[in-house]
Amino acid sequence: MRIEEIINGHRQDLNDTDLTIWKYISRHRAQVRHISIHELARACAVSSTTIVRFAQKLGFDGFGELKAVMKMEEPAHSFPHGDVLPDLQAFYAQTAAKVFKRNFDSASRLVHEANRVFAFASGLVQSNVVQELKRLFFYDNVLIYEITGEEEFRSIARTLTKDDLFIFVSLSGETPLVVDFARQLQLQDVPFISITKLHDNTLASLSTVNLYVSPARFQLYDGDDERTAFQSMMPYFMLVEVWFVKYRMYLQRRSE
């Protein structure tokens, strides 16, 4: 499990000082992997004991174990201009290896037990992912209703119960409208699943179950070109497809 997933899972346990420590760590990852606890404490203007307590809140024995996990993490995917096809192929293979190993039982259980399933996408590509979710789960008689605007959400929210389920597909997990929706669902005790980019984000920290993807950027243009680097969103589509297959496997295990 990556450090962002751990942070999101314990977000409710962290105070302002803890979040200050995490902000420093997230901005200075390369340095933090190799500095001592005393150096980190000085950089964050806290005591070494506070650093230890922060690590323990995340489930580690101490700062050393947290640092060991960070050392094992891969740096963010970024590929320079050139013949990117081999890099793209390698990225696909790495993504598949991670997604196929993921356990989707918690998400599958929520879908199976829900009376109604709704989905909301925060952008165009995310909406395409929702369409793929709808197509796949329809094969198993699971109807997913896509909510397309704030007014529609407000209307539906009045009828939601803890037996319903929401699925959010977002890139950043910080879109104000999405976070607002998530907070309202949490107040109503309505379970929801988030699919977001793997990083510390509010939506994931609020979710009943969070599923992560890791898009990658590929520079197809010259360095002085003002055009934005191509970003592969394939991990979103791979994740929902593998999830559906594992959902079917989950149901088969239940029936045995």
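This is a predicted model: local features need pLDDT of at least 70, side-chain atom pairs count only at pLDDT 80 or more; totals for chains, interfaces and linings use all residues.
**Exercise 1: Strand S2**

Work out whether strand S2 (residues 117-121) is enclosed or open, and find which strands pair with S2.

*Solution*

Step 1. Start with burial. A residue counts as buried when its relative accessible area is under 20%. In S2, 5 of the 5 residues pass this test, so the strand is largely enclosed by the rest of the structure.

Step 2. Now take the two faces in turn. In a regular strand, side chains alternate between the two faces of the sheet. On one side of S2 you find Val117, Ala119 and Ala121, and on the other Phe118 and Phe120. Both faces are covered.

Step 3. Look for partners. S2 pairs with strand S3 (residues 144-147) in the parallel sense, over 4 bridges. Here Val117 stands opposite Ile144. To get from S2 to S3, the chain passes through helix H9 (residues 124-138), making a right-handed β-α-β crossover.

Step 4. Strand S4 (residues 165-169) also runs parallel to S2, joined to it by 5 bridges. In S4, Leu165 is the residue opposite Val117.

**Exercise 2: Asn210**

Is Asn210 buried or exposed, and which residues does Asn210 contact?

*Solution*

Step 1. Locate the residue: Asn210 lies in strand S6 (residues 209-213).

Step 2. Check the area. Asn210 has a relative accessible area of 17%, and the limit for buried is under 20%, so Asn210 is buried.

Step 3. List the surroundings. Setting aside neighbours within four places in sequence, Asn210 is in contact with Arg102, Ser194 and Ala204.

Technical notes: Residues are numbered from 1 along each chain as its sequence is written. Side-chain values use heavy atoms; hydrogens and water are left out. Helices (H or I, at least four residues) and strands (E, at least two) are DSSP runs, numbered from the N terminus. Buried means under 20% relative accessible area, exposed over 50%, partly exposed in between (1.4 Å probe, protein chains only). Contact means heavy atoms within 4.5 Å. Two strands pair if DSSP finds at least two bridges between them. A crossover is right-handed if, with the strands pointing away from the viewer, the path from the first strand over the helix to the second runs clockwise.
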